[in-house]
Amino acid sequence: MTGFLRRHALLLTSLLLLTFSFQLMSLSLRYPELPRLGARIVDSGVSPMQKGYHEVSESMKYMWSHYLWLIKVEAERNELVERVKQLEAQNSRLMEYENENKRLRGLLFFSEETGHKGIVASVVGRDSSNWIKTITIDRGSDDGIRPGLAVVDGNAVVGQTTSVTEDSAKVLLLTDNASAIDAIVQSSRASGIAEGGPEDGMLRLRYTEKLEQFQVHPGDRVIASGIDGVFPKGALIGVVHHVDAAVPGLFQHIEVRPSADLYRLENVLVIIPEPPTSGAAAKNATLLQAKPGTDHKSQEPGN
Amino acid sequence: MLRLVCIFTLACLLGVFLQSTLIHGTVPSAAAPDVLMILVVIIALRVRTVGAVIGAFCLGLISDFASGQYVGPNAAASVVVFSLVGAIASRVYADRALALMVIVFLCSLAKSFTLFAIYSIYLDRYLLETLQYTFLRILVLEALFSSLVAPLVMRLLLLSQPFRHISRGAGSAAYAWSE
């Protein structure tokens, strides 16, 4: 017996580990806290490195665009040209500040307009696998962030926080297969569930009935209904890209393009919900609905 | 032993860190090279012990934890990849970069198929339908990127003293890479 075990130790261990993996998968589906706990443990080790990398890469970018570039100019040994280049560098820096200012203003717009309090966070990492769509932000429970909070970019929905460590948090993007947001089409008020779609970077609006009053057209804006208690009513999810009402069944087939540019996120706003006060929610909803022409980009000052 | 565990843990964290920052930041496509899977292949080529298969399992588990969604699929896929490579390791001449690239390419496909098979056992029809598109989109790209990166990872690993020591102990021709 011992000889058999010793001879086939590798095979037996592999089988044992495979069985254990399947057990873990079952457990993680039954207890969603388990993967979150694991994510917290790994994040506590990885997020300091991610932050370090973020800072170093930002400094490198800054160095490259402002100093090394100028060294090349100095090599030309023309005082006048050098002066022009210096001014251009200064201008570029100011433009960078301006862009940053615009981005942050865009994030704060939502907070100011709706009265929701939020925390601005920087995106420091993306998911390590190609199967799950998450990002890591540099704010955590020390800043008041907890799982299940809405994350927006301007007024555009980005996703919601899932696992949180003291100084970082994971955000499940709205395009992930596991994401589902209760939504309504702004023009027809047709309701549905915006879920991560099969196409990369697209959403699918499901369970929208084929009734005449619920006609949906490409270009219609899809907003959060607020019913799920996570996303504030009126937060922009995306714009209808394709509608097929001829599919068999009770519901329309609707594809939605998210308004947030999920591949180029740098800063996001995590919304911290306030305890409900009388009429506040209604006021917020009215403020957002009163701006039918606004979208994520047009909210930025200067646009 | 403790030193080896510490080095391994650090390597795992470094792998996840690289995967989540540099690699996904550099490759702006839906698929990116899977460094942790490459590590599993290299370990399986060099060291075929019970400790090594547990190490491969841990690499997969850390990948699962880093995603924070499901625990187990990557761990199982890593064990499958380890077993596949372990089964053929003595019959292939893996000292050439091209051979390693081919093995990594095939292992990446095997890993994706294993992941999809596990998901199809556990997840509901809609989630599976959406994952099916992800699977088709990343299947070849991930394998291609991983196979291109694999020789570089191997060279970097050979710079590390503990890995050279382990490779020498396993009687492999790892030195052919470093020469």
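**View 1. A:Gly159 stands opposite A:Leu173, a residue of strand E5(A).** The model is predicted: local features need pLDDT of at least 70, side-chain atom pairs count only at pLDDT 80 or more, and totals for chains, interfaces and linings use all residues. Residues are numbered from 1 along each chain as its sequence is written, chains are lettered from A and ligands numbered from 1 in the order in which they are written, and side-chain values use heavy atoms, without hydrogens and water. Strand E4 (residues 156–164) of chain A and E5(A) run antiparallel and are joined by 4 bridges (strands pair if DSSP finds at least two bridges between them). A hairpin of 4 residues leads from E4(A) to E5(A). Strands are DSSP runs (E) of at least two residues, and helices are runs (H or I) of at least four, numbered from the N terminus.

**View 2. Strand E2 (residues 134–137) of chain A is joined to E5(A) by 4 bridges.** These two strands run antiparallel. Within E5(A), A:Leu172 has A:Thr134 opposite.

**View 3. Strand E5 (residues 169–173) of chain A is mostly covered, with 5 of its 5 residues buried.** Buried means under 20% relative accessible area, exposed over 50%, and partly exposed in between (1.4 Å probe, protein chains only). In a regular strand, side chains alternate between the two faces of the sheet. A:Ala169, A:Val171 and A:Leu173 point one way from E5(A), whereas A:Lys170 and A:Leu172 point the other way; all are buried.

**View 4. B:Phe113 and B:Phe135 form an edge-to-face aromatic pair.** The ring centres lie 5.2 Å apart, with 75 degrees between the planes. Rings of Phe, Tyr and Trp (its six-membered ring) pair if their centres lie within 6.5 Å; planes under 30 degrees apart count as stacked, over 60 as edge-to-face and the rest as tilted. B:Phe113 belongs to helix H5 (residues 97–122) of chain B and B:Phe135 to helix H6 (residues 125–158) of chain B, so the pair ties together parts that are 22 residues apart in sequence. B:Phe113 is partly exposed, at 47% relative accessible area, while B:Phe135 is buried, at 7%. Together with B:Phe116, these two residues form one aromatic cluster. Over all chains, the structure holds 6 aromatic pairs.

**View 5. Chain B has 8 helices and 0 strands.** Of its 179 residues, 54% count as buried. Among contacts (heavy atoms within 4.5 Å) in chain B between residues at least 6 apart in sequence, 69% join residues at least 24 apart.
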